[in-house]
Amino acid sequence: NESSATKDALMMEVGKLLNEGLTGADIARQLNASGQRTANGAAFTGQNILRDYRAWAKKTADEVNRGN
């Protein structure tokens with residue numbers, strides 16, 4: 001199972017790449033080409049990366065707003 005710290009690091013990298021103008025599909029290709037896989041061992045897809053990033057960003061913002 002993917003650790004929270006590992007997921008945070010991945011999601012921060014995804015956010016950086018999105019800010020640089022890459023698409024979800026671009027990021028998925030880059031991660032897959034470097035040999036990275038999802039927690040389940042599957043290849044990344046752009047759609048799943050964007051879904052996971054949005055959920056992570058919302059959760060992170062919610063925690064900051066609550067003062068955690």
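Visitor: What pattern does the protein follow, read along the sequence?

Guide: The pattern is α-α-α. The protein has three helices and zero strands. Helices (H or I, at least four residues) and strands (E, at least two) are DSSP runs, numbered from the N terminus. This is a predicted model: local features need pLDDT of at least 70, side-chain atom pairs count only at pLDDT 80 or more, and totals for chains, interfaces and linings use all residues.

Visitor: What share of the 68 residues counts as buried?

Guide: The share is 19%. Buried means under 20% relative accessible area, exposed means over 50%, and partly exposed lies in between (1.4 Å probe, protein chains only).

Visitor: How do you know that the span of helix 1 fits its 16 residues?

Guide: The expected span is 1.5 Å times one less than the number of residues. For residues 4–19 that comes to 22 Å, and the end C-alpha atoms are 22 Å apart, so helix 1 agrees.

Visitor: Which residues of helix 1 are buried?

Guide: They are Leu 10, Met 11, Val 14, Gly 15 and Leu 17. Their arc around the axis is only 165 degrees, so they sit on the same side of helix 1. That arc is taken from the directions from the helix axis to the C-beta atoms. The face turned away from the buried side carries Ala 5, Met 12 and Asn 19, which are exposed.

Visitor: What covers the buried residues of helix 1?

Guide: The cover includes helix 2 (24–33) and helix 3 (46–66). A contact means heavy atoms within 4.5 Å. Just after helix 1, Gly 21 takes a positive phi of about 100 degrees.

Visitor: How do you know that the buried residues of helix 3 line one face?

Guide: Start with the list: Gly 46, Ile 49 and Trp 56 are buried. Seen down the axis, these residues fall within an arc of 95 degrees, so they line one face of helix 3. Exposed residues on the other side include Gln 47, Arg 54 and Asn 65. Helix 1 and helix 2 are among what covers the buried residues of helix 3.

Visitor: Why is Trp 56 called buried?

Guide: Its relative accessible area is 16%, so Trp 56 falls under the 20% limit.

Visitor: How many aromatic pairs does a search of the whole structure find?

Guide: The search finds one. Tyr 53 and Trp 56 form that pair, at 6.0 Å centre to centre with 35 degrees between the planes.

Visitor: Why is the pair of Tyr 53 and Trp 56 called tilted?

Guide: Rings of Phe, Tyr and Trp (its six-membered ring) pair if their centres lie within 6.5 Å; planes under 30 degrees apart count as stacked, over 60 as edge-to-face and the rest as tilted. At 6.0 Å and 35 degrees, Tyr 53 and Trp 56 therefore form a tilted pair. Both lie in helix 3, three residues apart, about one turn of the helix.

Visitor: What makes Lys 58 and Asp 62 a salt bridge?

Guide: A salt bridge needs a side-chain nitrogen of Lys or Arg within 4 Å of a carboxyl oxygen of Asp or Glu. Here the N to O value is 3.1 Å, so Lys 58 and Asp 62 qualify. They are four residues apart in helix 3, about one helical turn. Lys 58 counts as exposed at 54%, and Asp 62 is partly exposed at 30%. Elsewhere, salt bridges that share partners join Glu 13, Lys 16 and Glu 20 into one network.

Visitor: How many salt bridges does the structure hold?

Guide: It holds six. One of them joins Lys 16 and Glu 13 at 3.8 Å, N to O. Another joins Asp 52 and Arg 51, whose closest N and O atoms are 2.9 Å apart.

Note on methods
Residues numbered from 1 in each chain as written. Heavy atoms only, no water.
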